[in-house]
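Here is a short briefing on one protein model. Look at the sequence and the structure first, then read the points below.

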Amino acid sequence: MVELSSETRFLHAIEMGLGAWQWGDRVVWQYGHGYGDAEVRQAFQASLSEGIRFVDTAEVYGNGRSERLLGQFLKETEQPVLIATKFFPLPWRFGWRALPRALKGSLARLGVESVDLYQIHWPSPMMSIDTMMEGLAECVKSSMTRTAGVSNFGQSRMLEAYSALARHNIPLASNQVHYSLLNRTVEKNGTLARCKELGIRLIAYSPLEKGLLSGKYSPASPPPGSRSRTYTNLLPKIGPLLKLMTEIGQDHGGKSNVQVALNWVICKGALAIPGAKNALQSQENAGSLGWRLTEDEMTKLDAASDAILQ
C-alpha cells in the first residue's frame, strides 16, 4: 500500500457519495415519468442533510441536464459540496486539448470555477491513454480540477493511465467502475486489490444494480424500460440472496436490503455512489453509514452472490 498523496486523500475519507446519472436521463431512467426536477432537488437536499457531500455527474448524463441541475442546486445551498464529473471521448474529439475544452463546458453548466475530480468516462480507440492523460494533466495544472481519475478502465489500462499521469507528477486519484453484489468483476480480476495497493480510490457505480438489490423487482414485476431487458436472466436467480440480505438487515436493527447492499460495497473498501430520484431514496441510502457488516455476514453474502454469478 503506497502512502496516499495529499491531493487525493480526501477521496479515501469518503465512504459514500450521490450518483446523478438519473438526473435528466430518459433512456435508462425515464426522467420525467414519476419524477423530475423537483424530486431530484429534494434528493440533493436530503443527501446534504444526511452528511453526504460528494456528487458524481457527467457531461453525457441527460445531455448535460444533470450538470445543469446540479449547478442550480449548488446555488441554493451554503454547504460545501465535492463535485466529480466526466469527459466522454466522443469520436470527433481528437487531441489532448479536447479535455480542457470539454471541462470548460462542464464548469459553465455547473456554474463553478473548478471541480474536485475530473474523470475519463470510458477508454476510447479514438484517443490514446497518453493523450487522454496529457489532457487531464493540463486540467489539473490549469486548476480547473483538483484531481484526475478514470472510469470503466480495466486493470491494464488503469496502470497505463497511472504511469502516464505519474510522468506529469500527478497521481491517478480514482477508477470508477461497476461494482455490486451482482457484479464483482473488479474484485475477482484483481482491479480492486491493485487500486488499494496504489492508493487509487475505487468508486463503485450501480452498487444497487439499478434497483435490483432493493428487492422491489421480481420476474413477474421487472424494472421498467431498458433495465427489464438487461436483467431478464438475473431476476429469477436473486431470491436467495435477497432473503439473506433481509435476514442480515433484521440482525442490524431492521436495515433494508438497499442498506445492506451499500454497506457490503463500503466494507469491501470502495466508495459507493448510489443514485437517488427523491428524498426518501437519499435518506435510505444514508442509512448504510455508521455501522458495519460482520466478517461472517460478508462471507455469507459473498457465497450467496457467487452462487448467482457462477
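Which side chain meets aspartate 37 in a salt bridge? The side chain of arginine 65 does, at 2.9 Å, N to O. A salt bridge here is a side-chain nitrogen of Lys or Arg within 4 Å of a carboxyl oxygen of Asp or Glu. This is a predicted model: local features need pLDDT of at least 70, side-chain atom pairs count only at pLDDT 80 or more, and totals for chains, interfaces and linings use all residues. Residues are numbered from 1 along each chain as its sequence is written, and side-chain values use heavy atoms, with hydrogens and water left out.

**Salt bridges**

- Side chains of opposite charge can pair when their charged atoms come close.
- The whole structure holds 18 salt bridges.
- Arginine 65 sits in helix α3 (residues 65-75) and aspartate 37 in helix α2 (residues 37-49), so their pair ties together parts that are 28 residues apart in sequence. Helices (H or I, at least four residues) and strands (E, at least two) are DSSP runs, numbered from the N terminus.
- Arginine 65 is partly exposed, at 27% relative accessibility, and aspartate 37 is partly exposed at 30%. Buried means under 20% relative accessible area, exposed over 50%, and partly exposed in between (1.4 Å probe, protein chains only).
- Glutamate 59 and arginine 109 also meet in a salt bridge, at 4.0 Å, N to O. Glutamate 59 is in the loop between β2 (54-56) and α3, while arginine 109 is in helix α4, 50 residues apart.
- Glutamate 59 is buried at 10% relative accessibility, but arginine 109 is partly exposed at 25%.
- Glutamate 187 and arginine 184 pair at 3.0 Å, N to O. Arginine 184 is buried, with a relative accessible area of 4%.
- A network of salt bridges links Arg184, Glu187, Lys188, Lys268, Asp302 and Asp306.

**Strand β4 and its neighbours**

- Why is strand β4 (residues 115-120) largely enclosed by the rest of the structure? Six of its six residues are buried.
- Strands β3 (residues 82-87) and β4 run parallel, joined by four bridges. Two strands pair if DSSP finds at least two bridges between them.
- Threonine 85 has tyrosine 118 in β4 as its bridge partner.
- β3, helix α4 (residues 98-110) and β4 form a right-handed β-α-β unit. Right-handed means that, with the strands pointing away from the viewer, the path from the first strand over the helix to the second runs clockwise.
- Five bridges join β4 to strand β5 (residues 145-151), and these two run parallel. Glutamine 119 has glycine 149 in β5 as its bridge partner.
- From β4 the chain crosses through helix α5 (residues 129-141) to β5, in a β-α-β crossover that is right-handed.

**A loop residue**

- Proline 80 lies in the loop between α3 and β3. Proline 80 is exposed, with a relative accessible area of 62%.
- Proline 80 and arginine 53 are 27 residues apart in sequence and 7.2 Å apart in space, C-alpha to C-alpha.
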